[in-house]
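This briefing goes with the sequence and structure shown below. It covers aromatic pairs, the ligand site and backbone geometry.

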Amino acid sequence: MKSRFENDMGYSEVTPKSVWLNRRDLLKSAGGATIAASIAGLANGATFEASKSIYSTDEELNDFEDITSYNNFYEFGTGKGDPARYAGELTTEPWSVVIDGMVENPGTYSYEDILSGAALEERIYRLRCVEAWSMVIPWIGFELGHLLKRAVPEPSAKFVAFETLVRPEEMRGQRSRFLLEWPYREGLRLDEAMNPLTILAVGLYGEELPNQNGAPIRLVVPWKYGFKSIKSIVRITLTDFQPPTTWNMQAPGEYGFYSNVNPLVDHPRWSQATERRVGSGLFARRMETQMFNGYEEYVAGLYEGMDLSTNY
Ligand SMILES: Nc1nc2c(c(=O)[nH]1)N[C@H]1C(S)=C(S)[C@@H](COP(=O)(O)O)O[C@H]1N2
Ligand SMILES: [Mo]
């Protein structure tokens, strides 16, 4: 199949794959699996060229296997293994994203169009799930703010709403209305959406996003709990009101709109003070959760004057 990324993006210096392979091989051999198997996992699919980012952490990466086999993506079921098992049923080509609401250039933006205007970067971010596990993931993506600027938000726009695809024929979890109300929805305040840390990811480990991670385009907001990072986006709507969001609608007493990572505010049913860093066997470990997931210096200013003792 012809790659969608053969055009020259004009960027380089992404973490070389050889480095990733070495790290993964180390993890793999420690976990007892073969090196050949880990390389085979990278053999198909397109590769990106992207520039490195000052926002990347230099923490040990989770390996490709962890990142693509331990997922939350309720459209394919509630089990951590369901997305890897069933997300292959989703057709991601062609793909387009509607950008509408309070923008001067509303319209249907094709995936290729979005990519052609994007300055791709590698962003190695911590991902902290509200369930108290975390990973370190080398995303390939671009700043959401750049895409929003192309659409030109109107001065009265204050929020950004996001929606995932609804296609029950290919997303078996959507055949049940008892799991969640579809489409999966998320939202940000416009200034959060414009923050340079907020990206739309189209790849990881230098390659096209695997379906289970939200192909072909998903949000990544690293200072918020993982459920804010909505997958397989088909619509972005600018509004002047706080948009309804899936987990907040589902359990308003447990999941707020803001949902900034905060070790001092416990979930009603468990502590958020620590997290389990997902890792094959020996490498799984508990660590302290950081305020704003460690991104405080970049985002604390967004919340000046706000009461941080709640997550709403
Ligand atoms: N559409 C959609 N997006 C979603 C979810 C989902 O169920 N559906 N799960 C969220 C949760 S709870 C987390 S922790 C992250 C997990 O991202 P990952 O599987 O790429 O690690 O995706 C988020 N985005
Ligand atoms: Mo999550």
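Twelve aromatic pairs are present in this predicted model. One of them joins Tyr-74 and Trp-247: the ring centres lie 5.5 Å apart and the planes meet at 85°, over the 60 degrees required, so the pair counts as edge-to-face. Tyr-74 is also among the residues that come nearest to ligand 1.

**Aromatic pair across the chain**
- The pair of Tyr-74 and Trp-247 links distant parts of the chain, with the two residues 173 residues apart.
- Tyr-74 belongs to the loop between helix H3 (64-69) and helix H4 (82-86).
- Trp-247 belongs to helix H8, which spans residues 246-250.

**Ligand site**
- By residue class, the shell around ligand 1 consists of nine nonpolar, six polar and three charged residues.
- Asn-71 places a polar side-chain atom 2.8 Å from an oxygen atom of ligand 1.
- In the side chain of Glu-75, an N or O atom is 2.8 Å from a nitrogen atom of ligand 1.
- The side chain of Arg-218 has an N or O atom 3.0 Å from an oxygen atom of ligand 1.
- On its own, ligand 1 has 540 Å² of accessible area, and the protein covers 98% of that area.

**Cis peptide bonds**
- Most peptide bonds are trans.
- Glu-93 and Pro-94 are joined by a cis peptide bond with omega about 0°.
- Another cis peptide bond connects Ala-215 to Pro-216, with omega about -5°.
- The loop between strand E8 (207-208) and strand E9 (218-220) contains Pro-216.

**Positive phi**
- Most residues other than glycine have a negative phi.
- Val-152, a residue other than glycine, has a positive phi near 60°.
- Val-152 is located in the loop between helix H6 (144-151) and strand E5 (159-164).

Note on methods:
Residues are numbered from 1 along each chain as its sequence is written. Chains are lettered from A and ligands numbered from 1 in the order in which they are written. This is a predicted model: local features need pLDDT of at least 70, side-chain atom pairs count only at pLDDT 80 or more; totals for chains, interfaces and linings use all residues. Side-chain values use heavy atoms; hydrogens and water are left out. A residue is near a molecule or strand if one of its heavy atoms lies within 4 Å of it. A polar contact is a pair of N or O atoms within 3.5 Å; within protein, one must be able to donate a hydrogen and the other to accept it, and residues adjacent in sequence count only if both atoms are side-chain atoms. Accessible areas come from the Shrake-Rupley method with a 1.4 Å probe; for residues, only the protein chains shown count as cover. Ala, Val, Leu, Ile, Met, Phe, Trp, Tyr, Cys and Pro count as nonpolar, Asp, Glu, Lys and Arg as charged, and the others, Gly among them, as polar. Rings of Phe, Tyr and Trp (its six-membered ring) pair if their centres lie within 6.5 Å; planes under 30 degrees apart count as stacked, over 60 as edge-to-face and the rest as tilted. Helices (H or I, at least four residues) and strands (E, at least two) are DSSP runs, numbered from the N terminus.
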